[in-house]
Amino acid sequence: MNAAHRTCLAFALAAASAAPYAAAPGPFPDSDMDAATALSDTNSRAMRGREIVPPGVILNLKGKQRNLVWQGSYIVNTTGCIDCHTHPTYSPGGDPFQGQPERVNAEQYMSGGRQFGPFTAPNLTPDNAGRPAGLTREEFVKTLRTGHNPHDPAGQILQVMPWPAVGKMTTRDLYAIYEYLRAIPSLPDNPNPGP
């Protein structure tokens, strides 16, 4: 077989193996990207999310959808969630803004405590039933889409939390955040809140 035939055969095999992905509907109902692109992007985010779980944060993966956990880690650990929901954000000697090697405060990871005037970022770690911030997945998504936590009085809207932006994420992204938060260690409310 000459080089031209090998090249044609390679293209044919590549096209045949990619066809099921290209022909399949996208894995995300609210996405217009083709399935192959979506799978590639999702897989790379999941791989990165697995790599960036802060040292000292031991995940409980039993009964969890691991790919969603890793995607949730990617979102939570790259979009600033820890800046408000972990106080202080960094362990002593681990503040990158002071030129130190980054070390996230695993002891208070996502237990809330950052204060903004009269508002304190809540604890997002799982409760005794395994629900982040005591919310079911549906309540969690609705809170991030509407700014109203169903455990708060009617009409009360979350302040400081950027829910108008976060709520625009895909449902799958919000499910991934929830699944990751289900996997992190349960902690009591941060005992030392502060600005």
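Figure 1. Phe119 is partly exposed, with a relative accessible area of 37%. Partly exposed lies between buried (under 20% relative accessible area) and exposed (over 50%), with a 1.4 Å probe and protein chains only. The residue sits in strand β2, residues 119–120. Strands (E, at least two residues) and helices (H or I, at least four) are DSSP runs, numbered from the N terminus. The model is predicted: local features need pLDDT of at least 70, side-chain atom pairs count only at pLDDT 80 or more, and totals for chains, interfaces and linings use all residues. Residues are numbered from 1 along each chain as its sequence is written, and side-chain values use heavy atoms, with hydrogens and water left out.

Figure 2. Helix α5 spans residues 137–146, and Phe140, Val141, Thr143 and Leu144 are buried in it. They cover an arc of only 160° around the axis, so they lie on the same side of α5. The arc is that of the directions from the helix axis to the C-beta atoms. An α-helix has 3.6 residues a turn, so residues three or four places apart point the same way. The buried residues of α5 pack against α6 (163–166) and α7 (171–183). Exposed Glu138 and Lys142 are on the face turned away from the buried side. Gly147 follows α5, with a positive phi near 80°.

**Figure 3. Gln108 and its contacts.** Gln108 lies in the loop between α4 (81–85) and β1 (115–116). It counts as buried because its relative accessibility is 18%. Its side chain makes a polar contact with the side chain of Ser111, at 2.8 Å. A polar contact is a pair of N or O atoms within 3.5 Å; within protein, one must be able to donate a hydrogen and the other to accept it, and residues adjacent in sequence count only if both atoms are side-chain atoms. Leaving aside neighbours within four places in sequence, Gln108 is in contact (heavy atoms within 4.5 Å) with His85, Thr86, His87, Leu187, Asn190 and Pro191.

**Figure 4. Backbone exceptions in two loops.** Most residues other than glycine have a negative phi, and most peptide bonds are trans. A cis peptide bond joins His87 and Pro88, with omega about -15°. Pro88 is in the loop between α4 and β1. Met110 lies in the loop between α4 and β1 too. Phi of Met110 is positive, near 65°. Met110 is buried, with a relative accessible area of 1%. Ala133 lies in the loop between β2 and α5. Phi of Ala133 is positive, near 55°. At 26% relative accessibility, Ala133 counts as partly exposed.

**Figure 5. The protein chain as a whole.** The chain holds seven helices and two strands. Along the sequence, the pattern is α-α-α-α-β-β-α-α-α. Buried residues make up 35% of the 195 residues.
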